[in-house]
Amino acid sequence: MRPLVAAGRGVTIAGIGGCVPPSVVTNDDLAQVVETDDEWIRTRTGIRERRVADPETATSDLAEVAARRALEEAGVRPDQVDLIIVATVTPDMPFPSTACLLQDRLGAVRAAGFDLEAACSGFVYALAAGAQFIAAGLYDTVLVVGAETLSKILDWSDRRTCVLLGDGAGAAVLRPAPPGEGILGLYLGADGSGGDLLKQPAGGSRLPPSAETVARGLHFVQMNGREVFKFAVKTMGDAAQAALAQAGLGFDDVDLYVPHQANYRIIESSARRFDLPLERVVVNIDRYGNTSAASIPVALDEALSTGRIRAGQTVLLVAFGGGLTWGAAVVRWGYDRQAPRPLEMPGQRPRYGLPEWIRRQAAEGRARRDGRARLAAAAADPAASPAGAAPRPAGPGEPGALPGPPGRGAPPRAAGGGDAR
Ligand code: UT7
């Protein structure tokens with residue numbers, strides 16, 4: 001195994017910040033728009049509620065709050081930052097990067113910036129990438145952010161995905177490490193052959209946005225949950241073991257395990273395999289759901305505020321996600337947080353109730369699906385189709401068909417099969 005932090009300067013996390021939007025959507029709220037219930041969601045995932053950004057809030061808005069909080073904790077001014085890396089699958093727009101938007105908003109006038117896309121492993125990937133610049137002596141201060149507004153790319157009429165994900169942002173300031181603290185081990189992995197298991201099919205160069213991609217709901221997240229579950233359980237162990245081995249440590253040495261918050265059952269089974277009691281595991285999926293790249297830094301923020309992370313402790317971070325990607329980091333923590341800090345946006349308090357735009361979008365999704373089902377029925381039995389029914393959409397390879405990736409005959413379908421309701 002190749003060490004991931006070059007044999008150069010040590011790198012530490014000098015400050016953490018987090019931010020979640022005020023709107024709280026409970027499981028009961030979601031049961032109003034999809035065929036689900038609180039019991040199913042809680043027992044299968046551990047999620048009770050999630051945060052959802054308002055329509056006018058973009059990823060950079062959450063990222064900015066988290067970044068300012070992290071900089072303040074580290075005692076670093078924005079103009080001292082050398083590099084900003086934003087890990088996200090929900091950038092404000094394809095370009096300019098959210099990192100550049102953030103650089104401007106923070107007034108980080110000296111900083112370079114780029115976005116990094118590794119889905120739910122994004123924060124660990126960004127941590128590893130940012131650490132290299134400091135280890136190599138090129139930069140002294142790197143701001144790493146994991147930020148998402150996944151609510152904007154969810155089909156709120158698809159119960160297989162909309163109950164799982166949430167919005168939020170977390171940030172970390174990386175600095176050269178004093179002796180005895182900082183990142184001790186890092187590991188990253190990827191397997192693109194599993195890319196179809198979790199994806200947003202349209203909106204890129206393979207399927208550029210068009211009236212048809214919108215009509216077919218191809219800009220929304222699609223996931224084969226069962227397969228991602230199996231992949232997660234395997235790769236979390238591999239990643240954790242590799243990062244710990246690099247640090248010369250074992251699971252016994254871990255004071256706190258901060259896993260990606262995707263499913264409580266995944267977290268629990270990994271902790272059991274690592275022989276780590278649940279008192280040493282950070283879990284906040286019940287309140288935020290899966291916030292992808294934001295999940296680990298938001299969990300770190302809460303663990304610092306509640307005093308669960310203290311100077312000198314060994315903290316294990318483990319993530320997995322779309323790509324497929326996975327990764328782990330082992331950090332000897334360098335500071336205590338003196339007083340709890342909020343995750344709420346400035347001046348905001350949690351606000352309950354299903355937002356109207358979600359209700360509307362779910363109704364549109366149902367109508368879209370019903371329309372597609374009617375078209376499919378008409379195509380299967382043209383004699384039964386009402387006069388004037390719209391023509392069947394083009395099939396794979398037929399004129400007018402949407403192009404698929406090379407070597408694959410079928411057009412994109414919902415990754416998990418036809419369960420969307
Ligand atoms: O960060 C990485 C992103 N993703 C993940 O980590 C997801 C990993 N996977 C998971 O967390 C789980 O696979 C899920 C929570 C997504 C699903 O749990 P599961 O135990 O694997 O359920 P399943 O997919 O096997 O579905 C079981 C049943 C199905 O019904 P049938 O076919 O048995 O009749 C689904 O149609 O549950 C049904 N179902 C639901 N029922 C109520 C699926 N979603 C829902 C729902 N409410 N929201």
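Asp275 is exposed, with a relative accessibility of 67% (buried means under 20% relative accessible area, exposed over 50%, partly exposed in between, with a 1.4 Å probe and protein chains only). Asp275 lies in the loop between helix 9 and helix 10 (285–288) (helices are DSSP runs of H or I of at least four residues, strands are runs of E of at least two, both numbered from the N terminus). Its phi is positive, about 60°, although Asp275 is not a glycine. Most residues other than glycine have a negative phi, and most peptide bonds are trans.

Two notes apply throughout. Residues are numbered from 1 along each chain as its sequence is written. In this predicted model, local features need pLDDT of at least 70 and side-chain atom pairs count only at pLDDT 80 or more, while totals for chains, interfaces and linings use all residues; side-chain values use heavy atoms, with hydrogens and water left out.

Next, select Ala119, in the loop between strand 5 and helix 5 (122–135). Ala119 also has a positive phi, near 50°, and is a residue other than glycine. Is Ala119 buried or exposed? Ala119 counts as buried, at 12% relative accessibility.

Now show the whole chain. It has 12 helices and 14 strands, and 52% of its 421 residues count as buried.

Display the open sheet of 5 strands, whose order is 1-7-6-4-5 with mixed pairing (two strands pair if DSSP finds at least two bridges between them). Strand 1 (11–19) and strand 5 stand at the edges, each with a single partner strand, so one side of each is left without a neighbour in the sheet. The twist averages 20° from one strand to the next (axes are lines fitted to C-alpha atoms, for helices over the stretch in contact, and angles run from 0 to 180 degrees between N-to-C directions).

Within this sheet, select strand 4 (residues 83–87) and strand 5 (residues 112–116), which run parallel and are joined by 5 bridges. Leu83 has Ala112 as its bridge partner in strand 5. Then select strand 6 (residues 142–149) and strand 7 (residues 167–176), which run antiparallel and are joined by 8 bridges. Here Val142 has Leu174 as its bridge partner in strand 7.

Select the loop between strand 4 and helix 4, where Pro96 is found. A cis peptide bond joins Phe95 and Pro96, with omega about 5°. Leu324 lies in the loop between strand 12 (314–321) and strand 13 (325–332).

Move to helix 2 (residues 38–45), whose N-terminal end is capped by Asp37: a side-chain oxygen of Asp37 lies 3.2 Å from the backbone nitrogen of Glu39. Gly46 follows helix 2 and has a positive phi, near 85°.

Finally, select Asn263, in the loop between strand 11 (256–259) and helix 9 (264–273). Asn263 is buried, with a relative accessible area of 8%. Which residues does Asn263 contact, leaving aside its neighbours within four places in sequence? They are Arg44, Thr45, Phe229 and Ile285 (contact means heavy atoms within 4.5 Å). A polar atom of the Asn263 side chain lies 2.9 Å from the backbone oxygen of Arg44.

Note on methods: A polar contact is a pair of N or O atoms within 3.5 Å; within protein, one must be able to donate a hydrogen and the other to accept it, and residues adjacent in sequence count only if both atoms are side-chain atoms.
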